[in-house]
Amino acid sequence: MFQKILIANRGEIALRVLRACKELGIQTVVVHSTADSDAMHVRLADESVCIGPPPSRESYLNIHQIVAACEITGADAVHPGYGFLSENAKFADILAAHNITFIGPSGDHIRIMGDKIEAKRTAKRLGIPVVPGSDGAINEDKEAKRVAAEIGYPVIIKASAGGGGRGMKVAHTEADLEVALQTAKSEAGAAFGDDAVYIEKYLQKPRHIEVQVFGDGAGRGVHFGERDCSLQRRHQKVWEEANSPALNAEERSRIGDICAKAIADLGYSGAGTIEFLYENGEFYFIEMNTRLQVEHPVTEAITGIDLVHEQIRVASGGGLSVRQEDIKFNGHAIECRINAEDPRTFTPSPGTITHFHTPGGLGIRVDSGVYSGYKIPPYYDSLIGKLIVHGRNRVECMMRLRRALDEFVVDGIKTTLPLFRDLVGNPDIANGDYDIHWLEKYLAKGE
Ligand code: ADP
């Protein structure tokens, strides 16, 4: 087992990882920017190293500084959290070259899945169902038109290097296609430094369903069931559930088994999430994330398994603590992402939190690094906490969620809490009857 882990992240996830390390009796080092000196995880860590000024590029994305911090403190492993360097293959390679363990998959696996065209090709080869579309990158209008005619309109043009919901354009007719292709290519080039794009069928009313997988790096793979993340705004997840209200037990184990087998065949190591769109009983692969997800706690709630413990175990060579048959799904869990944003316009609302009171009681978990008197810096994303609620079934979970949202107090800044208070009373949400467009339509109606 590791002696000392360096946590290369900030906010709630840095605290989440720190807690897991403490439970396992592992020493902790955190790196932080000058904007985060007062952060909760910095206060609680055994050691902290300030690695630069507020802009991420000069601190949380500064590989050189982070490796230096490992050397100075004698950390033998790095947990990257999510975002920042968590899916940076070069970072994983550099750590390996310094004999420091990256708590995640190999640089090669990150590379394959980070290139969406390559990821889709690999998924197909491993027997994972994919969205119908082009076999590789599309350059010419003629080629685009041929593929689009074959799969049928509407189609979506996606950047191979895309991420965070950016770099996608929908074309509803052949007349839209040329412009969509050119815009997607130039936007991808500008945003990601790689203008490769591909085409796939645009699914009209899908749900977003993702499967949590784990590999031990030695040919064993397991799945921890699915999460339904269909409630999205601008392709960003807002509310996540496990299990999905849309799947039955047969579908759950069918897609789970396909994913677990793929992970085993790939020789993958650590946590991963295989994302699908789901429509009319069919699953269509869209991408794989090679890291811990923001929404991992809903899976922890229904399985009772600490996924960060598993990541650390696997990375240290201890293997998985569970076999597939040990993983049982118990009840229902929902996560609300609480952002420091105006609940109507979604403009960020940084500033000082004058009062912070979190709900408690059976089945309630709050993952957050903020506290009363904490000043939210304006430099990073606006997630300030996650409320995760568990119940024996979805009805109990929703009752508990409504009560927990009523108890939650964040004063001094605007948050998205009022949005969740509205959602929890909505009949479609109560029935689990929503697709990936539901939330945007609801917000557009201004209810
Ligand atoms: P990113 O890496 O930027 O998050 P994804 O490929 O995961 O990109 O897609 C993000 C979101 O975009 C999906 O959750 C879905 O809402 C939408 N999307 C992606 N591909 C399609 C598609 N083929 N049809 C319809 N919607 C799609």
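Which domains each give at least three residues to the shell around the ligand? They are domain 2 (132-201) and domain 3 (207-445). This is a predicted model, where local features need pLDDT of at least 70, side-chain atom pairs count only at pLDDT 80 or more, and totals for chains, interfaces and linings use all residues. Residues are numbered from 1 along each chain as its sequence is written, and side-chain values use heavy atoms, with hydrogens and water left out.

**Domains**

- The protein chain is split into domain 1 (4-88 + 95-103), domain 2 (132-201) and domain 3 (207-445), with bounds that come from an automatic or database domain assignment.
- Taken over C-alpha atoms, the centres of domain 1 and domain 2 sit 37 Å apart.

**Around the ligand**

- The ligand has 20 residues around it, and the closest are Lys 116, Lys 158, Gly 165, Lys 201 and Glu 287; a residue is near a molecule or strand if one of its heavy atoms lies within 4 Å of it.
- Sorted by class, the shell has seven nonpolar, six polar and seven charged residues. Here Ala, Val, Leu, Ile, Met, Phe, Trp, Tyr, Cys and Pro count as nonpolar, Asp, Glu, Lys and Arg as charged, and the others, Gly among them, as polar.
- On the backbone side, an N or O atom of Leu 203 lies 3.0 Å from a nitrogen atom of the ligand.
- From the side chains, an N or O atom of Glu 275 is 3.3 Å from a ligand oxygen atom, and one of Glu 287 is 2.8 Å from an oxygen atom of the ligand.
- Taken alone the ligand exposes 550 Å², and the protein buries 96% of that (Shrake-Rupley accessible areas with a 1.4 Å probe).
- Strand 6 (155-159), strand 8 (197-201), strand 12 (269-279) and strand 13 (282-289) are the elements that give two or more residues to the shell. Helices (H or I, at least four residues) and strands (E, at least two) are DSSP runs, numbered from the N terminus.

- Strands of a sheet pair through backbone hydrogen bonds, either parallel or antiparallel.
- Gln 232 has Lys 237 in strand 11 as its bridge partner.

- A second open sheet has five strands in the order 3-2-1-4-5, with parallel pairing.
- Its edge strands are strand 3 (47-52) and strand 5 (101-102), and each pairs on one side only.
- Strand 4 (residues 77-79) and strand 5 run parallel and are joined by two bridges, and Val 78 has Phe 102 in strand 5 as its bridge partner.

- Tyr 153 and Pro 154 are joined by a cis peptide bond, with omega about -5°. Pro 154 sits in the loop between helix 7 (141-151) and strand 6.
- Another cis peptide bond joins Ala 242 and Asn 243, with omega about -5°. Asn 243 belongs to the loop between strand 11 and helix 9 (249-266).
- Phe 84 is not a glycine, yet has a positive phi of about 40°. Look for Phe 84 in the loop between strand 4 and helix 4 (89-97).

Notes: Polar contact = N/O pair within 3.5 Å; in protein donor to acceptor, adjacent residues only side chain to side chain. Pairing = 2+ DSSP bridges.
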